[in-house]
Amino acid sequence: MVGRQRRRDGTLADSAFLPEHSSKPVVPQGSDSDFMTASPAPGKEQFDEVDPRASGQQPRRSRARRRRVIASTTLLTIVGLLLANAASVNWQSAPATGDSILHLDGGDINVSQDGPPDAPVLVLIHGLGASTEWWKSIVPTLATSHRVIRIDLLGHGRSAKPTGGGYDVPRQGRRVGQALDQLGIAQAIVIGHSTGGYVATALAEHRGDLVTALALINTGPRLDAFISDGPVGKLVFVPVLGHLLWRLRTDGILRRGLSTAFAPGFHVPQQLLDDTRGMTYHSLTATSRASDDYLTQRQLPDRLAILGKPLLVIFGERDQRWRSSSAAEYRRVAGATVELMPGVGHSPMLEDPAQTAGLLLDFFDSVSGGR
């Protein structure tokens, strides 16, 4: 029978035919039924069976990737800024700015003098983060009978604040000795507050001929007698975080940091905040570590016992930085006088200047045999 004939390319021509004796029609290859019944060839993509979730997965993956990139870039930027700030803060320095500057090895030192120039000499050395201003309340009383010399240690007050070394306690002590030599001082009674007590002791170790007697005010005898310098004080010494805290320091932060330097409830004067603010991060932390090193090498009562100098120790019973009970350890020094001041914290010369000055004058009187 006449039908439709298949071409060589698989299509059907008009003159194809159905084979004889066939009872059902031949389904042409390539017809619509092939797409309905035939399985796709292996590896051939089946476009009509696409997972409906696929269209949403790609944008979600792209957004997640972008978020990760942004988060990583932000984190790296923050870390970079913190490290840059740490380097910048750590290498800050400042020149001496006082009216009476002595040019010494390692840096210029500011000094202040009061009282009769020919009277017995008292040398006052402040503590960590302080300056000559911390003695101001007792200077008028002391200067009636003594020539009073106050020294800003390197890195403090109006003295130079260099980067690098020079802050270790023995070198600070030698520098004070050089300053007294320039001032023409042959002998002096040296008074140190807190960290200043270590410098006073180091001066006596180095220049026994110069130091006739020592008075220490709330100077810790050993490291394990230390209580705390407060949460702010702890954070300042944490790398990177401490640098950032120092960069952002405000009066409120400094006031909290200085609160342990006094009995609870004492109002910190603005001048003391300004003294601490005026320091560099390096000078503050280097001086603190130097004090720890000095005590680690040998406890203070052991150092003083070797010197054999007359010694007065004054300690506020409400000291929040050093346990006041540790003051009893100074009694190991032959002839030492230990005075505890009730109701007073770490800085008696500011908290109770009248009583502090009275104790000092009584000690000077006993050392010199009368004023």
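In which helix does Thr276 lie? The structure is a predicted model, in which local features need pLDDT of at least 70 and side-chain atom pairs count only at pLDDT 80 or more, while totals for chains, interfaces and linings use all residues. Residues are numbered from 1 along each chain as its sequence is written, and side-chain values use heavy atoms, with hydrogens and water left out.

Thr276 lies in helix H9, which spans residues 270–277; helices (H or I, at least four residues) and strands (E, at least two) are DSSP runs numbered from the N terminus. With a relative accessibility of 9%, Thr276 counts as buried, where buried means under 20% relative accessible area, exposed over 50% and partly exposed in between (1.4 Å probe, protein chains only). When residues up to four places away in sequence are not counted, Thr276 touches Gly129, Trp246, Leu254 and Leu258, a contact being heavy atoms within 4.5 Å.

Arg66, by comparison, is placed in helix H2, residues 54–90, and is partly exposed, its relative accessible area being 48%.

For the chain as a whole, the secondary structure comprises 13 helices and eight strands, and 45% of the 371 residues count as buried. Among contacts between residues at least 6 apart in sequence, 73% join residues that are at least 24 apart. The chain exposes about 19000 Å², of which carbon and sulfur atoms supply 55%; accessible areas come from the Shrake-Rupley method with a 1.4 Å probe, and for residues only the protein chains shown count as cover.
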